[in-house]
Amino acid sequence: MALTQLATNEPKEEPPSGRRALFPDATDRQWNDWTWQLRNAAASLETLLKFSGPLSNGEREKFKRVLEKFPAIIPPYYLSIINFDNPRDPVRMQAFPSLEEIDFNVHGVPDPLEEEEDMAVPGLIHRYPDRVLMQITNICPMNCRHCTRKREWEEGKWARTEPEIERMIEYLSQTPEVRDVLISGGDPLILSNAKLEKVLAKLRAISHIEIVRFGTRFPVVLPQRIDEELCALLKHYRPLWVNTHFNHPQEITPEARAACDRLICAGIPMNNQTVLMKGVNDSVAVIKKLCQELVKMGVRPYYLYQCDMVRGTEHFQTDIWKGLEIIEGLRGHTTGFAVPQFVVDAPGGGGKVPLSPNYLLSAGPDYLLLRNYEGLIFKYQTSTNESRNGIVPFPTPSTLAGQKSQRLERRRKRREDNHHVQSQAGSRTASEILHIENS
Ligand code: SF4
């Protein structure tokens, strides 16, 4: 009996009190049905204004403009874990539109990572040599206010059609260097199990694809989606990983724990990616508590992201030093694998750059000067330091100007090919598209 309870890790506490106050008529059956949750998500101006507290006429007008530009979707479950007595509640700040979202400053741009530039075929971003990002929908169970792909909310909701999925599969079949496919969002788990299965079966039929990863926020914002049926489906297509996105310990509820446990018990390893956000989680204490809670439920803290320079998220951005300060406060002060890697996504599609506090202070011909987590300095004797010749030297301005990368070369070639196809095929492309749509 005790063993069964431990293995399933089902919630033992009462559901968050917000459920009873906000949705008194919801039955357990409705509450645990993720489709009911989606149908009852707060999205309209009137509903959101009910939760937003007193606003002046000017603020109401601005709130409306924010919503027109960046719509909101908040499922009842996520609403129920907000502390509405706290206007700066960290969960509320991730879900509720802020008037600051349309106070654009000079830094934010719609697509700072230039994902559109690295798109091999529509929906497939091929940036790194051996892995791709497959975007099969732009729909999410919640519109997180800090989202990197906020630009896509203006496109309306879409899911890739079967011909579009076929084009991605065809590209992958013909690109043997790709061994790892990340299916992300929008949130791919918003699609039905039947649609997910079709995609997974096609990917698994490609022999060089070794692993599949899902990027999903469902365990955090709508854990009811992670039911036994979905877990059985994912288990069937292992090796498969799930990367999720908890940003604050308040999001780790009994329901969220149970959802992660179901995945882990199905043999799906889980990682977590946190976005560092001003006012939400920008302190050592919050991130430490979050990471410790994650490892308690078997989810590895993987990345701590610097909030990207995305238009409409500027109010969340911290400076880079804040992230380094947090890592400094974790490394050595808690379990090693509870310390995430702090990363910055380089502008212009440069990819993730890991940043760490500096523990190597200097080096001589046969020694290193090292600093430990307490700030103590040690001389570390080595027989030789000749392997440091293998370290990439600091670039000079001239190497920076002339730097090349396979990735940029691939991008350039793709642009050239596309241009060639368009100018050669002309109207034939249109009829081909018509044929695909009709087939
Ligand atoms: S779930 Fe992910 S992709 Fe969707 S809005 Fe949130 S951060 Fe963006």
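Reader: Where in the protein is Pro239 found?

Author: Pro239 is found in the loop between α12 and β6. Residues are numbered from 1 along each chain, as its sequence is written. The model is predicted, so local features need pLDDT of at least 70 and side-chain atom pairs count only at pLDDT 80 or more, while totals for chains, interfaces and linings use all residues.

Reader: How many helices and strands are there in the protein?

Author: The protein has 18 helices and 13 strands.

Reader: What makes α10 roughly parallel to α12?

Author: The axes of helix α10 (residues 193-204) and helix α12 (residues 228-236) cross at roughly 5° and come within 11 Å. An axis here is a line fitted to C-alpha atoms, for helices over the stretch in contact, with angles from 0 to 180 degrees between N-to-C directions. Angles under 35 degrees count as roughly parallel, over 145 as roughly antiparallel, 65 to 115 as roughly perpendicular, and the rest as oblique. The crossing angle therefore makes α10 roughly parallel to α12.

Reader: Which residues of α10 meet which residues of α12?

Author: Asn193, Leu196 and Glu197 in α10 meet Glu229, Leu230 and Leu233 in α12. Contact requires C-beta atoms, placed from the backbone, to lie within 7 Å. By class, this contact has three nonpolar, one polar and two charged residues. Nonpolar covers Ala, Val, Leu, Ile, Met, Phe, Trp, Tyr, Cys and Pro; charged covers Asp, Glu, Lys and Arg; the others, Gly among them, are polar.

Reader: What does Pro357 count as, by its C-beta neighbours?

Author: Pro357 has 16 C-beta neighbours inside 10 Å and so counts as partly exposed. Pro357 lies in the loop between β10 and β11. Not counting residues up to four places away in sequence, Pro357 touches Leu324, Ile327 and Glu328.

Reader: How do you know that β7 is mostly covered?

Author: Five of the seven residues in β7 are buried. For the protein, buried residues make up 31% of the 439 residues.

Reader: Which strands does β7 pair with?

Author: Strand β6 (residues 240-244) and β7 pair in the parallel sense over three bridges. Six bridges join β7 (residues 270-276) to β8 (residues 300-306), and these two also run parallel. Two strands pair if DSSP finds at least two bridges between them, so both counts qualify. Asn271 in β7 is the bridge partner of Asn243, while Asn272 stands opposite Pro301 in β8 and Leu276 stands opposite Gln306.

Reader: What makes β1 and β10 edge strands?

Author: Each of β1 (119-121) and β10 (351-355) pairs on one side only. They belong to an open sheet of ten strands, in the order β1-β2-β3-β4-β5-β6-β7-β8-β9-β10, with mixed pairing.

Reader: Why is one side of β11 left without a neighbour in the sheet?

Author: The open sheet of three strands has the order β11-β12-β13, with antiparallel pairing. β11 (360-363) and β13 (377-381) stand at the edges with a single partner strand each, so one side of each has no neighbour in the sheet. Neighbouring strands of this sheet are turned by 20° against each other on average, direction ignored. Five bridges join β12 (residues 367-371) to β13, where Ile377 stands opposite Arg371.

How values were computed: Helix = DSSP H or I, 4+ residues; strand = E, 2+ residues; numbered from the N terminus. Contact = placed C-beta atoms within 7 Å. Buried ≥ 20, exposed ≤ 12 C-beta atoms within 10 Å, placed from the backbone.
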